[in-house]
Amino acid sequence: MQALAAEIEACRRCELHAERLKVVPGAGSAEADVLFIGEGPGAQEDEAGLPFVGRSGQLLDELLQGVGLDRDKVFITNVVKCRPPGNRAPRVDEVRACREYLSRQLEVIRPLLVVTLGRFAMELFVSNGRISEIHGQPRHRDGMVTLPLYHPAAALYRRSLQSVVREDFERIPELLTDLKQRPST
Ligand code: URA
């Protein structure tokens with residue numbers, strides 16, 4: 001995992017490397033049962049080299065605590081590992097350039113559950129779903145279980161989504177209990 005993080009830190013596969021302060025490969029346990037995928041680092045993450053340390057991160061921490069998950073025992077990463085300037089959305093070529101790193105993180109960690117936060121992470125696993133329709137519904141495909149959720153930032157912008165996001169998060173412990181009881185495939 002450390003070797004992979006070092007490789008990601010040296011990456012120059014797309015233009016995002018030019019303006020980054022720090023690469024944000026991801027953080028948490030290499031033995032995590034749950035892996036969370038956000039969109040991309042913001043300004044504070046770019047400074048710290050760590051995912052979800054800004055306002056969205058505070059909300060994510062609250063949501064994790066609310067369902068009894070410890071940040072150190074899960075793994076948190078992003079679709080793109082470098083900050084898109086001005087917090088713009090990552091471009092298709094940038095997402096594509098970074099995709100292999102996420103695949104390798106998944107291979108190393110082999111989490112029971114992958115939780116996607118927001119549209120960009122969801123689109124890596126679901127080809128034509130709308131987040132407003134499929135959030136909170138686990139999907140079993142190719143031996144992987146994914147749970148598409150709204151991005152915490154969406155709940156910061158639209159307060160009406162906060163209870164939806166909390167309710168969706170509450171599905172995680174029950175899903176995990178269920179997945180731990182199943183024989184792995
Ligand atoms: N938003 C994200 O999607 N990822 C981060 O790391 C921080 C904010």
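**Note on a predicted model: salt bridges, sheet and core**

The structure holds 15 salt bridges. The model is a predicted one.

1. **Glu7 and Arg104.** Glu7 has a relative accessible area of 34% and is partly exposed. Arg104 is also partly exposed, at 23%.

2. **Asp61 and Arg71.** The side chains of Asp61 and Arg71 meet in a salt bridge as well, with 2.7 Å from N to O. Asp61 sits in helix H4 (residues 55–66), while Arg71 is in the loop between H4 and strand E3 (75–78), so the pair ties together parts that are ten residues apart in sequence. Asp61 is partly exposed, with 27% relative accessibility. Arg71 is partly exposed too, with 25%.

3. **Arg171 and Glu174.** In the salt bridge between Arg171 and Glu174, the closest N and O atoms are 3.5 Å apart. Both residues lie in helix H10 (residues 171–181), three residues apart, which is about one turn of the helix. An α-helix has 3.6 residues a turn, so residues three or four places apart point the same way. Arg171 is partly exposed at 29% relative accessibility, and Glu174 is partly exposed at 48%.

4. **A network.** Some salt bridges share partners, and in this way Glu15, Arg88, Arg91, Asp93 and Glu94 are joined into one network. Side chains of opposite charge can pair when their charged atoms come close.

5. **The sheet.** Six strands make up an open sheet with mixed pairing, in the order E1-E3-E2-E4-E6-E5. Strand E1 (27–28) and strand E5 (139–141) are at the edges with a single partner strand each, so one side of each has no neighbour in the sheet.

6. **Parallel pairs within the sheet.** E2 and E3 run parallel and are joined by four bridges; in this pair Leu35 stands opposite Phe75 in E3. E2 and E4 also run parallel, with four bridges, and here Ile37 is opposite Thr116 in E4. E4 pairs with E6 in the parallel sense over four bridges. The bridge partner of Leu117 in E6 is Leu149.

7. **Strand E4.** How many of the residues of E4 are buried? Five of the five are, so E4 is largely enclosed by the rest of the structure. Both of its faces are covered, with Leu113, Val115 and Leu117 buried on one side and Val114 and Thr116 buried on the other.

8. **Helix H5.** H5 has 18 residues and spans 25 Å from its first C-alpha to its last, close to the 26 Å expected at 1.5 Å a residue. H5 bends by about 35° at Cys98. Just after the helix, Arg110 takes a positive phi of about 45°.

9. **The buried residues of H5.** These are Glu94, Val95, Ala97, Cys98, Tyr101, Leu102, Gln105, Leu106 and Ile109. Glu94 is therefore a buried residue, under the 20% cut-off, and Glu94 also belongs to the salt-bridge network of point 4. The buried residues of H5 pack against H1, helix H2 (16–19), strand E2 (34–38), E3, strand E4 (113–117) and strand E6 (144–149).

10. **The nonpolar core.** The largest nonpolar core has 54 residues, and those with the most contacts inside it are Phe36, Leu113, Val115, Phe169 and Ile172. Which element gives the most to this core? H5 does, with seven residues. In soluble globular proteins, nonpolar side chains tend to be buried together.

11. **Val115 in its setting.** Val115 is among the residues with the most contacts inside the core. Leaving out residues up to four places away in sequence, Val115 touches Val34, Leu35, Phe36, Ile37, Leu147, Leu149 and Ile172. Val115 is buried on one side of E4, together with Leu113 and Leu117.

Terms used
Residues numbered from 1 in each chain as written. Predicted model: local features only at pLDDT ≥ 70, side-chain atom pairs only at ≥ 80, totals over all residues. Heavy atoms only, no water. Salt bridge = Lys/Arg side-chain N within 4 Å of Asp/Glu carboxyl O. Buried < 20%, exposed > 50% of the residue type's maximum accessible area, 1.4 Å probe, protein only. Helix = DSSP H or I, 4+ residues; strand = E, 2+ residues; numbered from the N terminus. Core = buried A, V, L, I, M, F, W, Y, C linked by side-chain atoms within 4.5 Å. Contact = heavy atoms within 4.5 Å. Expected span 1.5 Å × (residues − 1). Bend = angle between axes of the 7 residues up to and from the residue. Pairing = 2+ DSSP bridges.
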